[in-house]
Amino acid sequence: MPVLKKNSFLYNLAYGAMLVAGAIVAAAALEFILVPVTILDGGVTGIAIIIHQLFGLPLGVLVFILNIPFLFIGFRQMGIRFLVKASCAMVIFSLFLEIFGRTNHQVTEDPTLAAVYGGILLGIGVGAVLRAGGCLDGTESMALLISKRSSLSVGQFVLICNVIIFSAAGLVFSIDRAMYSLITYFITSKVVDFVESGFEQAKAVMIITNEGKRIANTIYDRLGRTVTIIEGEGLISGKKVVLYCVVTRIELHELKRLIRDDDASAFMTVSDVSEIVGKHIKKRRAKRLPDFPDEGSSTTAAEAAEITVTQAEEVD
């Protein structure tokens, strides 16, 4: 929302409204379209739907309870702001699952229509929540943790979890329900990427700033991401530090906040990453922060690259 001033009342109100609206839309997609024809969402919500269908337990209560452990994992990875926003989103999501569930309203009995339009509506809701800095499902929080300690990427871990969940649904319900659920999952994931602005989970970020050392250390300390430091020079502004790093979709909102808090004058660009070769995006935290060059030093691009390589060796 570029027309609103960052951190202003209207800015926070708009993103808060987006988070609430996204949670409500996602709940409506599930209760009005998907759940009545036994089509599952992925992740924790999918597990909750299976339990709900088998034992008749309240879906909203199940979703919230099963997500509680993942909230604490997300807090460790992303901080208190993520915990607050994710908790609010999940509470609203669970509450409206219960409210909509009591209406017994069903939009369509055609599973194909339900899979397509339910997936689109669910993707819009989840994407809006992610764009507002929240989260409706704890699977991605766990995926971030696992990806930093293994060779699996965030997307691979989420896909493996969902394949297991959909396979269980096929055994419990029927194979065609699992197949419809898989269609819904792929539609939802694409719509989420579109709404959240981007088509890939990985984002390449380039930051031009006068506070390179502090921002690089903050990114490394808070997100555990290595940063490539390059010396640059503006046509008018003179010497600058250019930082380059790759983050996941769920970390992008937190990174924007870190940049805004550390250097409001920083210039940042975000672009899609079609493929990642190597382990740059899956770094574990080092025992100590690397020594970055001071601003205004004569560090060359080659030396900066050497520093980054050293970081990676230390972290691994």
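**Exercise 1. Work out the order of the strands in the open sheet and how they pair.**

Step 1. Start with the layout: 4 strands make an open sheet in the order 2-3-1-4, with antiparallel pairing. Strands here are DSSP runs (E, at least two residues), just as helices are runs of H or I with at least four residues, both numbered from the N terminus. Two strands count as paired if DSSP finds at least two bridges between them.

Step 2. Now look at the edges. Strand 2 (228-234) and strand 4 each have a single partner strand, so one side of each has no neighbour in the sheet. From one strand to the next, the twist averages 25°.

Step 3. A quick note on what you're looking at. This is a predicted model, where local features need pLDDT of at least 70 and side-chain atom pairs count only at pLDDT 80 or more, while totals for chains, interfaces and linings use all residues. Residues are numbered from 1 along each chain as its sequence is written, and side-chain values use heavy atoms, with hydrogens and water left out.

**Exercise 2. Find the bridges that join strand 1 to strand 3 and to strand 4.**

Step 1. Take strand 3 to begin with: 8 bridges tie it to strand 1, and the two run antiparallel. Val 205 has Cys 245 as its bridge partner there, and Ala 204 stands opposite Val 246.

Step 2. Then turn to strand 4 (residues 267-272), which is joined to strand 1 by 6 bridges, again antiparallel. Here Met 206 is bridged to Thr 269.

Step 3. Check the cover. In strand 1 (residues 202-209), 6 of the 8 residues are buried (buried means under 20% relative accessible area, exposed over 50%, partly exposed in between, with a 1.4 Å probe and protein chains only).

Step 4. Helix 9 (residues 212-223) lies across strand 1 and strand 3, at about 10° to strand 3. Helix 10 (residues 249-262) lies across strand 1, strand 3 and strand 4, at about 155° to strand 3. Angles run from 0 to 180 degrees between N-to-C directions, and axes are lines fitted to C-alpha atoms, for helices over the stretch in contact.

**Exercise 3. Decide whether Lys 240 is buried or exposed, and list its contacts.**

Step 1. Lys 240 belongs to strand 3 (residues 238-248). With a relative accessible area of 19%, Lys 240 is buried.

Step 2. Contact means heavy atoms within 4.5 Å. Skipping neighbours within four places in sequence, the contacts of Lys 240 include Ile 208, Thr 209, Ile 230 and Glu 231.

Step 3. Its side chain also makes a polar contact with the side chain of Asn 210, at 3.3 Å. That term covers a pair of N or O atoms within 3.5 Å; within protein, one must be able to donate a hydrogen and the other to accept it, and residues adjacent in sequence count only if both atoms are side-chain atoms.
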